[in-house]
Amino acid sequence: MFQSFQPPQRTLMGPGPSIVHPRVLEASARHTIGHLDPAFGDMMDQVKIMLRHVFQTENAMTMPVSAPGSAGMESCFANLIEPGDKVLVCINGVFGGRMKENVERCGGIAVVIEDEWGQTVDPEKVEQAFAEHDDIRILAFVHAETSTGVESDARALAEIARKNNALVIVDAVTSLAGIPLLTDEWQLDAVYSGSQKCMSCLPGISPVTFSERAMQKIGSRNSKVQSWFLDLNLVMGYWQSGSGGGRSYHHTAPVNALYALHESLVMVCEEGLENSWDRHSDSHQTLVAGLKDIGLEMLVDESVRLPQLNAVKVPDGVDEAEVRRYILREHNLEIGAGLGALAGKIWRIGLMGESARKENVDFCLSALKEAIDQQHALSYVA
């Protein structure tokens with residue numbers, strides 16, 4: 001006979017999801033109402049207003065996609081790319097590669113520039129690519145590369161695109177609410193994120209924002225958007241109608257998950273967006289100092305290092321997977337492994353949202369040191 005699932009209580013300090021605040025969990029457990037209920041419509045309007053604040057934009061088309069960050073990504077690419085469109089894709093980690101895959105699945109032509117994993121996207125390479133291809137329509141890059149812990153210069157990259165009359169698609173899954181992301185000031189056209197990172201919400205929602213330039217491109221398409229579910233021409237009737245009724249039915253929104261998103265946004269606004277950025281930075285500085293004290297090094301240069309996603313080099317002779325297993329088993333603490341080219345070479349320590357607290361940093365440092373010392377002791381005995 002099956003029984004109710006009771007998950008273990010973990011301290012989540014990997015690449016996501018992050019720790020969910022009790023207020024957000026409580027919000028998700030409130031009474032479910034209909035997704036066309038006027039009261040739910042009022043809440044939706046508040047979510048849009050708060051998301052515009054967090055994205056630092058006045059974009060009318062700013063909303064949560066009813067699916068994870070990967071769907072937010074597809075929403076941007078599927079709506080903006082038509083067959084034959086040439087898209088410059090910057091790859092410096094796993095998630096740039098996913099952008100290329102999206103371009104090709106939309107029938108676009110991907111012009112790829114690559115930088116070494118652990119390095120930022122090189123603006124000079126972007127300039128050169130535009131010089132060699134005067135028909136590039138879109139520039140796509142990852143602001144905060146979750147696989148490596150690198151921040152690329154979104155402002156500088158977008159400026160290059162603007163000079164070349166190209167739209168800009170940005171992956172901000174790990175950056176939203178964790179580091180400055182100034183959508184309007186930097187003239188970003190389509191930005192997608194995830195609920196489970198620096199906003200400490202439940203996984204499964206993808207905030208997105210589209211500029212007027214992007215919406216004009218979508219409105220003038222010569223072909224249908226290849227995804228019915230993600231077609232903004234259809235979704236707009238649900239998310240852009242006024243409250244108090246009158247919204248057109250498109251899909252059944254994840255009502256309780258959106259309660260959670262609303263509460264997490266309320267908490268970001270209560271703390272203050274700049275205070276949230278500062279808290280992530282302070283937690284990062286504490287972590288880096290503590291890692292240095294126990295003999296561990298960072299992968300990424302300080303000048304381009306993300307505070308909320310920390311790539312830590314695995315010392316020679318240490319079994320990185322066993323360290324992760326040990327701290328999960330002994331301390332209910334989760335950190336992440338390296339991906340792709342960095343598999344087995346780094347740990348990824350997330351300081352996102354509620355995870356970015358001094359008590360969590362201290363706990364992580366203590367557990368990590370214990371796990372490494374345990375391995376060294378066993379090696380000495382052997």
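Reader: Which residues in α2 meet which residues in α9?

Author: This is a predicted model, in which local features need pLDDT of at least 70 and side-chain atom pairs count only at pLDDT 80 or more, while totals for chains, interfaces and linings use all residues. Residues are numbered from 1 along each chain as its sequence is written, and side-chain values use heavy atoms, with hydrogens and water left out.

From α2, the residues in question are F40, M43, Q46, V47, M50, L51, H53 and V54, and they meet V255, L258, Y259, L261, H262, L265, V266, V268 and C269 of α9. Contact here means heavy atoms within 4.5 Å. Helices (H or I, at least four residues) and strands (E, at least two) are DSSP runs numbered from the N terminus. By class, this contact has 14 nonpolar, three polar and no charged residues; nonpolar covers Ala, Val, Leu, Ile, Met, Phe, Trp, Tyr, Cys and Pro, charged covers Asp, Glu, Lys and Arg, and the others, Gly among them, are polar.

Two packed helices are described by the angle between their axes and the distance between the axes. Helix α2 spans residues 38–55 and helix α9 residues 255–271; their axes come within 10 Å and cross at roughly 45°. That angle makes α2 oblique to α9. Axes are lines fitted to C-alpha atoms, for helices over the stretch in contact, and angles run from 0 to 180 degrees between N-to-C directions. Angles under 35 degrees count as roughly parallel, over 145 as roughly antiparallel, 65 to 115 as roughly perpendicular and the rest as oblique. The crossing of α2 and α9 is left-handed, a term used if the near helix is turned anticlockwise from the far one by less than a right angle, with right-handed used if clockwise.

Q56 is a residue other than glycine with a positive phi, near 55°. Most residues other than glycine have a negative phi, and most peptide bonds are trans. The peptide bond from G16 to P17 is cis, with omega near 5°, and P17 is found in the loop between β1 and α1.

Two further helix pairs may be described in the same terms. Helix α3 (residues 69–80) and helix α4 (residues 94–105) pack at about 45°, their axes 10 Å apart. The two are therefore oblique to each other, and α3 passes α4 in a right-handed crossing. S70, M73, E74 and F77 of α3 make this contact with R98, M99, N102 and V103 of α4. Its residues divide into four nonpolar, two polar and two charged.

Helix α5 (residues 123–132) packs on helix α6 (residues 154–163) at an angle of about 15°, with the axes 10 Å apart. That makes α5 roughly parallel to α6. Their crossing is right-handed. P123, V126, E127 and F130 of α5 make the contact with L157, I160, A161 and K163 of α6, and by class it has six nonpolar, no polar and two charged residues.

On a 1 Å grid over the protein atoms alone, a pocket is an open set of points with protein on both sides within 12 Å along at least five of seven lines, a cavity is a set where a 1.4 Å probe fits but cannot get out, and lining residues have an atom within 4 Å of a point. Points are joined across faces, edges and corners, and a volume is the space filled by probe spheres set on them. The second largest pocket has a volume of about 280 Å³. Of its 16 lining residues, S70, F95, R98, V173 and K197 are the closest to its centre. Both α3 and α4 give two or more residues to this lining, and the largest share, three residues, comes from α3. The lining divides into seven nonpolar, five polar and four charged residues.

The largest pocket has a volume of about 350 Å³. It is lined by 13 residues, of which Q9, R10, L12, I19 and V20 lie nearest its centre. At least two lining residues each come from β1 (11–12) and α1 (22–28).
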